[in-house]
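Please report on the local geometry of this chain. Cover loops, ring pairs, charges over rings and nonpolar cores.

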Amino acid sequence: MNLRFTLLLFAVFITFNLVAQTDSIPVRPRRVFNIEKNSFMLPHVWKSGELKAAVGLSSTKFPLDYVESALRIPLIDLYATIGLPKGFDASVNVSSIYMANQVRTGVHWNKQGKVFSAKVGYDVGFIFGALTQYGFDNRTSAWSHYPNLSIGFKVKDIAITVKSELNAITYINTTAGGIKVTELKDFFNGGALGVYVEQRLWANHVMIVGCRDNYVKYYYPVWPAFTAFNRKYHNIEFFLGLIIK
């Protein structure tokens, strides 16, 4: 009888200790993913000093008037944005395919709503390039301006953004063999409309997929063809990127 009572007390003691140890183990709260805070394209209020970067590839289907075949040339895109006080942010974007390059920077103001959010901004781009292959010695430089507006919303862990922009060229200079062949100033170049979808891949890493129609006269990746065509063309651009910070 005493042995049974002793074993029962021992079992109760062990059970009590196990429960006490389990309660003392700190339980980490489950990490909640917020696409709004981790997105790049979706308009949202950035924390002052917050920095995000993204890398991607853009592939454009050029009109057949530009090239003799349905040529696609990928551009390498690097993006960085830093948050500023009172809903503002500043960004820089570098796009390159060796013979055509653009460095673009701008300031934007973000406004968040319950369902939709919006961003309005103004970017300035410096374009430069050189075509020195196959016996050519052509070079170009240009200044481009992009007033833009973005509207976005989120569905669970997916963010969808529609971005529109106008494009004005204030200066273009093109030379061939050191001889100036084009010098134009101050003209309306056209505009662009794009749709971007951002979705979580793993942890806080987000993928960006987008499609944009650049309806312009001067599309800098094919700048050597600009002087031959004085009309606007649809340049359909597909984008795939990854937010890396």
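Where is Met-41 found? Met-41 sits in the loop between H2 and strand E1 (51–61). Helices (H or I, at least four residues) and strands (E, at least two) are DSSP runs, numbered from the N terminus.

The model is predicted: local features need pLDDT of at least 70, side-chain atom pairs count only at pLDDT 80 or more, and totals for chains, interfaces and linings use all residues. Residues are numbered from 1 along each chain as its sequence is written, and side-chain values use heavy atoms, with hydrogens and water left out.

Met-41 counts as buried because its relative accessibility is 14%. The classes are buried under 20% relative accessible area, exposed over 50%, and partly exposed in between (1.4 Å probe, protein chains only). Not counting residues up to four places away in sequence, Met-41 touches Lys-119, Thr-161, Tyr-196, Glu-198 and Ile-208. Contact here means heavy atoms within 4.5 Å. The C-alpha atoms of Met-41 and Ser-150 are separated by 8.6 Å, although the two are 109 residues apart along the chain.

Asn-34 belongs to the loop between helix H1 (2–24) and helix H2 (35–38). Asn-34 has a relative accessible area of 25%, so it is partly exposed. A polar atom of the Asn-34 side chain lies 2.9 Å from the backbone nitrogen of Glu-36.

**Aromatic pairs and charges**

Rings of Phe, Tyr and Trp (its six-membered ring) pair if their centres lie within 6.5 Å; planes under 30 degrees apart count as stacked, over 60 as edge-to-face and the rest as tilted. The count by this rule is seven aromatic pairs. Two of them are tabulated.

| Pair | Centre to centre | Angle between planes | Type |
|---|---|---|---|
| Phe-40 and Trp-46 | 6.3 Å | 85° | edge-to-face |
| Phe-126 and Trp-143 | 4.9 Å | 45° | tilted |

The pair of Phe-126 and Trp-143 links distant parts of the chain. Phe-126 is in strand E5 (residues 117–131) and Trp-143 in strand E6 (residues 138–155), 17 residues apart. Phe-126 is partly exposed at 29% relative accessibility. Trp-143, at 40%, also counts as partly exposed. Phe-40 and Trp-46, by contrast, are both buried.

A charge sits over a ring if NZ of Lys or CZ of Arg is within 6 Å of the ring centre and within 35 degrees of the ring normal. Lys-52 lies over the face of Trp-46, at 4.8 Å from the ring centre. Arg-231 is placed over the face of Tyr-233, at 4.2 Å from the ring centre.

**Nonpolar cores**

A nonpolar core is a set of buried Ala, Val, Leu, Ile, Met, Phe, Trp, Tyr and Cys residues joined through side-chain atoms within 4.5 Å. The largest has 14 residues. Ala-100, Ile-127, Ile-172, Tyr-218 and Tyr-220 have the most contacts inside this core. E5, E6 and strand E7 (158–176) each supply at least two of its residues. Another core, of 13 residues, lies apart from it, with Phe-40, Met-41, Ala-54 and Val-206 among its members.

**Positive phi**

Lys-86 has phi near 60°, a positive value in a residue other than glycine. Lys-86 lies in the loop between strand E2 (72–83) and strand E3 (88–96). Its relative accessible area is 75%, so Lys-86 is exposed. For Tyr-98, phi is near 75°, again positive in a residue other than glycine. Tyr-98 lies in the loop between E3 and strand E4 (101–112). Tyr-98 is exposed because its relative accessible area is 60%.

Definitions and conventions. Polar contact = N/O pair within 3.5 Å; in protein donor to acceptor, adjacent residues only side chain to side chain.
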